[in-house]
Amino acid sequence: FPLAFMSNPIVNIIIRICLLLEASGICSACWVLVRFQKRLIGYEPDDVYLEGAPKNGSDPITRHDKDVDRFLVVTRYTYSLALLVFCVTLVMAGIFAEQSTAVNYNIPPVGAFFLFCFLICWLAVMEGGQGCL
C-alpha cells in the first residue's frame, strides 16, 4: 500500500501544496507558543537527559531557536498567531452560540469551552515537547 500511494502522481501535487502552505507561515504560530512554553517548562535537548550534558537554560540552543529570534521570522509568526487568534475566536463564537456538536451530546457551552481549552493546552504540550528539542 505505501508504494502504491507514493507512486500516485497526485501525491507529488499534494506534497507541493503542503510545502507551499508551510512556506507561507500560516502554520508557524505554534513555534512562537513553543518558544515561551520552552522557557516556562524548561525543556532541554535529548543529550541533557540521555548523556548528562549541561543544561542550556532559556538561551537559544538550536539553529531553529536562533531563527525564531530573527525579526523577519518573528513577523511571519506574528501574523500566523493573529490568524490563530481569529480562528479560536470563531470557534468560541460557535461554541457559545450553541452551533457546535457539543449541543448534540448535552454539553453546556461553558463545559465545551473548558474542554476546548484543555485539549488545546494538551496539544500545545505534546507539540512543544516534540518541536523544541
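Is Tyr105 buried or exposed? With a relative accessible area of 64%, Tyr105 is exposed, and the points below, which concern a predicted model, take up this residue together with its surroundings.

1. Tyr105 and its loop. Tyr105 sits in the loop between H6 and H7, and Asn106 is placed in the loop between H6 and H7 as well. Asn106 is exposed, its relative accessible area being 71%, and its phi is near 60°, a positive value in a residue other than glycine. Most residues other than glycine have a negative phi, and a reader checking the backbone may therefore wish to look at this kind of position.

2. Glu98. The loop between helix H6 (71-96) and helix H7 (109-131) also holds Glu98, for which phi is again positive, near 60°, in a residue that is not glycine.

3. The nonpolar surface patch. Tyr105 is one of the residues that make a nonpolar surface patch of about 1,200 Å², and the others include Leu40, Ile41, Ile107, Phe118, Trp122 and Met126.

4. Cysteines. No disulfide is found when the whole structure is searched. For Cys117, the closest cysteine sulfur is that of Cys121, at 6.6 Å, which is too far for a bond, because a disulfide requires the two sulfur atoms to be within 2.5 Å. Cys117 is partly exposed, with a relative accessible area of 27%, and Cys87 likewise counts as partly exposed, at 44% relative accessibility.

5. Helix H2 and the residue after it. Helix H2, covering residues 9-24, has 16 residues, and the distance from its first C-alpha to its last is 24 Å, close to the 22 Å expected at 1.5 Å a residue. Just after H2 comes Gly25, where phi is positive at about 95°. Gly25 is a glycine, whereas Glu98 has its positive phi in a residue other than glycine, as does Asn106.

Notes. Residues numbered from 1 in each chain as written. Predicted model: local features only at pLDDT ≥ 70, side-chain atom pairs only at ≥ 80, totals over all residues. Heavy atoms only, no water. Helix = DSSP H or I, 4+ residues; strand = E, 2+ residues; numbered from the N terminus. Buried < 20%, exposed > 50% of the residue type's maximum accessible area, 1.4 Å probe, protein only. Patch = residues over 30% accessible without salt bridge, like charges linked within 9 Å, V, L, I, M, F, W, Y side chains within 5 Å. Areas by Shrake-Rupley, 256 points an atom, 1.4 Å probe, with all protein chains shown as cover. Salt bridge = Lys/Arg side-chain N within 4 Å of Asp/Glu carboxyl O. Expected span 1.5 Å × (residues − 1).
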